[in-house]
Amino acid sequence: MTYRKFKADKLFNGYQLLGAGNTLIMDATGVVVDIVDVQNAGDDIQVLEGILSPGFINCHCHLELSHMKNVIDPHTGLIEFLCTVVQKRGFEKEVIQQAIRQAENEMYENGIVAVGDICNTADAVAIKSSSKIKWQNFIEVLSLTDEKAGEWMQHYQQVLQQHQQQLHSPNRSVLSPHAPYTISPKTFQLINEATANQIISIHNQEHPAEDELYKTGKGDYLKLFSIFGMQASPLPVSGKSSLQTYLPYFTNQQSILLVHNTFIQQDDISFAADYATENNINLAYCLCPNANLYIENKLPPIEMLLQNNCNIVLGTDSYSSNWQLSIVKEIESILAMPFFKKMEQQQATEMVLQWATINGAKTLQWDDESGSFEKGKKPGVVLIQPDFTSSVRLL
C-alpha cells in the first residue's frame, strides 16, 4: 500500500500540539493510518515548515454573495451594510457563478473541508454538486409578518427542495432563520416545527439596535424596515433582549449555531445556557472576527464566552463582509487580541485550532470523519504558516 507521510515543526492532532518528532501517516485515499515517532516512520517523509493540522471547518459563510467582494466599504456599520446588501446584491448570473466558483476553490485550496453555508437562493447548487467540500446548507428564511409567514415558508421550502434534490450525502440542507429582526413570531413557530433534531443557524446580536428593537420597538433597524415599506417595527415588543425573546421558540431539540454574537451580554449567555439544558438544545457560538472588524470594527466578547464554557466554532462570513475566505486569517486575528497574547502561546494556539477543527466538526456532526487526526478518519491535511498568515491544503 502507498502511504503519504508528513512531518513539520508542529503537528496539531485536533486536540493538542505535538512536537517535531511526530510523523503523520495517511494512506493513498487520505485516511489517517497513525501518528508515530519519526524514528519509526520509515522513508519518504515529506518535511515541512509550519504546523500540520486537520482540515478546517468553516461554520458560517454566504457563498452565494461572493460576487459582492469590494462592493461595500469596510466600517460602514451593520445597518448600512444590510441595506446595501438588500439593494445591491443583484448581478448578472454569469458574474455570480464565476465568483462562487472562485470562492469555493479558494476555500478548498486553503484547507477548508466543510462549510455551514447560508443560502437565500439555489445559485451555488451547481458548483456545490461537484465540490470536494462538504456542505451544511442553511436555507435562510426571512419573513417579517405573521400574515406572510406561510407564503414565505412555502417559497423557502422550494429552495430547500432544490438543494435536497441536487446535493446528496454527505451534504445536508435545512431551513434556518436569518436573524431575530427578520422573523415574525409565526415564522419562528413554523421553522421550529420544520427543524426538529436538526442543525440550524441564526445571526445573533450583531448590533445593539437588535436588542433595542425587541425592548422598545425603536432604533436603527427601522431604517432597514423602511426599504420594505414599513414605517414601524412589524415585530412584537417583548421588553427583553433579542436572544431571550426568540430562543424559547425552539423546542424540538435542535442544535443551534448562534453566529457573530458581537454584542451579547452575560445575562444572555446565562439565559441561553439554562434554556438549552432544560430543553435539550445544543448551542454553539460561531465567531467571524474579520467580518466583525470589516463591518463594525468591533470584536465579540470572546473572554466572556470562555468564562462561561461556551462551545466556540469559527466562520468566515462572506466576501461582502471580509477581505478573504480563510479560517487561518480568522485565527490570526483572534490570537492578536490582548487576551490571547497574555496566555501561554501553546495553550492559546491549541484552543483556537480546536475551534477551527474538532469543535466545528462536532457542531456540524461530521466528526466521524473530520476534525482530528484519529485512525480511520479522512480529515484532510493543512499546512499552516508559523505566523498564521496563510495556509495550504496538502491532502
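Helices are taken here as DSSP runs of at least four residues, numbered from the N terminus. The model is predicted.

Helix H2 itself comprises residues 93-109, 17 residues in total. The distance from its first C-alpha to its last is 24 Å, close to the 24 Å expected at 1.5 Å a residue. Its buried residues, those under 20% relative accessible area, are Ile96, Gln97, Ala99, Ile100, Ala103, Glu104, Met107 and Tyr108. These residues lie on the same side of H2, because the arc they cover around the axis is only 165°. An α-helix has 3.6 residues a turn, so residues three or four places apart point the same way. The partners against which the buried residues of H2 pack are strands S8 (56-61), S9 (112-119), S10 (134-141) and S17 (391-393), together with helix H3 (125-128).

Helix H9 (residues 266-279) has 14 residues, which should span 20 Å at 1.5 Å a residue; its end C-alpha atoms are 20 Å apart, in agreement with that value. In H9, Asp268, Ile269, Ala272, Tyr275 and Ala276 are buried. They cover an arc of only 135° around the axis and are therefore on the same side of H9. Thr277 and Glu278, on the other side of H9, are exposed. The cover over the buried residues of H9 includes helices H6 (208-216), H8 (242-246) and H11 (302-307), as well as strand S14 (282-287). Asn280 follows H9 and has a positive phi, near 55°.

Note on methods. Residues numbered from 1 in each chain as written. Predicted model: local features only at pLDDT ≥ 70, side-chain atom pairs only at ≥ 80, totals over all residues. Heavy atoms only, no water. Helix = DSSP H or I, 4+ residues; strand = E, 2+ residues; numbered from the N terminus. Expected span 1.5 Å × (residues − 1). Buried < 20%, exposed > 50% of the residue type's maximum accessible area, 1.4 Å probe, protein only. Arc of directions from axis to C-beta. Contact = heavy atoms within 4.5 Å.
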